[in-house]
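Colleague: I've got a new model open and would like to talk it through with you. Shall we start with what the record says and then look at how the chains meet?

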Amino acid sequence: MPQPSKPTKPEPALTIRQGDDTLYIQQPGTKNSWALTKENIKTRSQPFMDIDGALLFSIVPILIMVRLLRRFVDLPGRMPHVNRLLGYLWVPAVALAALDLLLHFNTKLLDDGYQLFAYLVFIGVLTSLRHYRPARTVLLAILPYVLYAVVELMLNLWDLKLLKRYDDVIDSSRGFALIWLITFALIARSQKKNLEKERLEREEEEKAKQLIAAQNVQLERMVAERTSALTQQAEELRETLTELKTTQAQLIQAEKMASLGELTAGIAHEIQNPLNFVNNFSEVSVELLQELQEGPLAKLPASEKEYADELLSDLVQNLQKITSHGKRADSIVKGMLEHSRASTGERQPTDINALADEYLRLSYHGLRAKDKSFNATLTTHFAPNLSAVPAVSQEVGRVLLNMFTNAFYAVQQRQRQGEAGYAPEVCVTTRQLPDEVEIRVRDNGTGMPESVKAKVFQPFFTTKPTGEGTGLGLSLSHDIIVKGHGGTLQVDSQPGQYTEFVITLPL
Amino acid sequence: MKILVVDDEKDVRVLFEQRFRREIRSGELKFSFAYSGEEALTYLHEHFSEVVLILSDINMPGMSGLELLRHIRQDYPVPPPPPTVMMITAYGDQHSYDEAIRLGANDLLTKPVDFAALKEKLHSLSAL
C-alpha cells in the first residue's frame, strides 16, 4: 500500500488519475506511482484523534454472526463452554482498537485481521462440531469466503498489486464465495430443519415408546398384583380345603365312632337276655344238682353213690365254669351297654386340675398295689386359675382314669423291655384356651404305630393280652368326651417314644 | 300268693319254676305267666282279684311293660287292693326308674334278676 509519509521529490510533471475512492499519482517516465485514499489523508491530518472505526464496526457483524452461529448450531446446548467464550469475541477487537489508539498502527489491516481471526474461530468451532451435519455444511459454506478473506489479507499485507485481470478474478471469486456461502447457508438451514424434523419425530417416537414402556410397566404391575392376589386366593382356598378335609375326616371318624357305639350297645342288648338265661340256668342247675345229691341220690347204695357223686361233682364244676364265663361275658356286655347309657349325671362346674390330680394318684397307687416294683415319675403342669368346666365329674374322672391307666401300662411295658437308663414318666398338663380347657396326658412309654393309632377309639380294639382289656376303655372315653361333653379327644404318638392324649372340654 | 310274670321270653317260665320250686311245691307262691302285655291284660281281666303281684319286663314287642303298667293303674284304680307291680328292665338308670315310679310301679328290678333279692322281697310281701 502507499506510503504517504515517504518524502518525495517533486517531479516536473505528475499524472493524476482519480479512482473510486483513491487518487493515483503517476510520475511519467518512471515506474513510481502513489495512491491516495481518504484514510491516508485523514490519518495524516488527524493522527491522534482517530479511532479505528472500521475495526470497531466490524465487531457488530461478527457479533451478529456469533449470534447466528449460536442459534444455528445450538451452541449453548452443544458446547456451553465455547459458547461462553464466543461471547467475548469482541474483546480482541476492542483491545486492538485500544492498542491502535495508543500505537496508531493506522492500517486497514487490523479489521481484516480481526475478521479473519473471528472466521478462524468460527471454523474452529464448526470443525469441532463436524459430526453435526448442518455445522459441516456451514463450514463448507464459509470456507471459500474465509479463503478469499485470507488471500485478500495476504495481498494487502504484502502490498501485492495484482494485475487487473487477477484483480477481477479476486473480485469475482469474492462474489462466487458469497453466492457459495449463501447457497450453502440455505442448504445448511434446510438440513437443520430436516434434522430438527427428524429429531422431533424421533422425540415423538421416543415419547410414544416411553408411553408404551410406562404402560407396559403399569400393565406388568397390574398383572403382578393380580397374580399375587390370585396366588393368595389359591393359597387361601388350599388352606380352606385342607381344613375342610381335616374336618371331614374328623366328622367321619366321629360318625363312625357314634355308629360303632350304637352298634355295640345294640349287640350288647341282644346278647344280654340270652346271657342272663345262661347264667341263671347254670346257677339254678347247680342248686338242682345239690338237691339231687342231698335228696334222691342219698338213697343210692354206697357202690353206685360214689360213682354218682363223682359225676355230680363234675357236673357242678362244669356249671360253675359256665357261670363264671357267663359272668365274664356279662361284664363285657355291661361295658358295651355303657355306650348307650345316656349321661345321667348333672353337669357341674368342675375343677379339672383337682380331678386330674385325684385320678392320677388313684391310678398310680392302683397299679403299685398290683406291682410293687413299678415306679414312675408323675409330672403335673396344672394351669393356675383354670376355669371350672361344666362336666359330669364322675364320667370325666373315668376318662382320666382310663388315660392314666393306659399311660402307666405303656411305661410299664417299656420298662419291662429292659432299656438302659429308661425313666418312666407320665405327665399331665392342663391349659386354659379361649373357650375351652385342654388336658394333655403324655407318657414316654412304648408308643404306637399309625395302624394302632387309627383304631384306638374303636370298640373292642385292644393291644393287651386276652382277658386283660376289653378294648372298650378308649371308645367309651371318646363317647363321654365327644358325645357327652361336646369336647374333643385326640391322640398323638411315636412308636418307642411317647403317646399323648389331648382332651378338650368346652367351657 | 299269686304272682303274674309278664315277659316275652318263654324260658322265663322254666327259670322261675325252677328258681321258686320249693315255694311252689309248698304252695307259698303261685305263678302265672303271660308272654305279652296284651296277654297279661286279658289274664288280669279274668283273674284280677287273685293276682297280688305283677312282675313285668319293660322291653317287650307290642305293648311295653310301662304301657301295661299304665293300663293296670287306670283299669283297676280302687280296692280290692291293687296288685303290687314290680317292673324289670335291662336299663338300671335313673330315668327309667323315675318313669316307672311315675306310672305307679312299686319297685324296679334290673336284669339280670337277682333271685336271692327277689325271694327276700316276695317273702316280706307274703308275710304282710
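This is a predicted model: local features need pLDDT of at least 70, side-chain atom pairs count only at pLDDT 80 or more; totals for chains, interfaces and linings use all residues.

Colleague: Which strand of chain B is the place of B:Asp57?

Modeller: We can go by the residue ranges of the strands. The one that runs over residues 51-57 of chain B takes in B:Asp57. That's strand E3.

Colleague: Is B:Asp57 buried or exposed?

Modeller: Start with its surroundings: leaving out residues up to four places away in sequence, B:Asp57 touches B:Val6, B:Asp7, B:Asp8, B:Gly65, B:Met87, B:Ile88 and B:Lys111. Its relative accessible area is 2%. The cut-off is under 20%, so B:Asp57 counts as buried.

Colleague: Now the interface. How many salt bridges does the rule find between chain B and chain A?

Modeller: Let's look at an example: the side chains of B:Arg19 and A:Glu283 meet at 2.8 Å, N to O. A salt bridge needs such a pair within 4 Å, so this one qualifies. Across the whole interface of chain B and chain A, the count is 6.

Colleague: Which element gives the largest share of the side of chain B that touches chain A?

Modeller: Two elements of chain B give two or more residues to that side: helix H1 (11-19) and helix H2 (21-25). The largest share is 6 residues, and they come from H1(B).

Colleague: And how much area do chain B and chain A bury between them?

Modeller: The contact involves 18 residues of chain B and 15 residues of chain A. Of the buried area, 53% is on carbon and sulfur atoms. The total is about 1600 Å².

Definitions and conventions. Residues are numbered from 1 along each chain as its sequence is written. Chains are lettered from A and ligands numbered from 1 in the order in which they are written. Side-chain values use heavy atoms; hydrogens and water are left out. Contact means heavy atoms within 4.5 Å. Buried area is the accessible area (1.4 Å probe) that two parts lose on being put together, summed over both. Helices (H or I, at least four residues) and strands (E, at least two) are DSSP runs, numbered from the N terminus. Buried means under 20% relative accessible area, exposed over 50%, partly exposed in between (1.4 Å probe, protein chains only).
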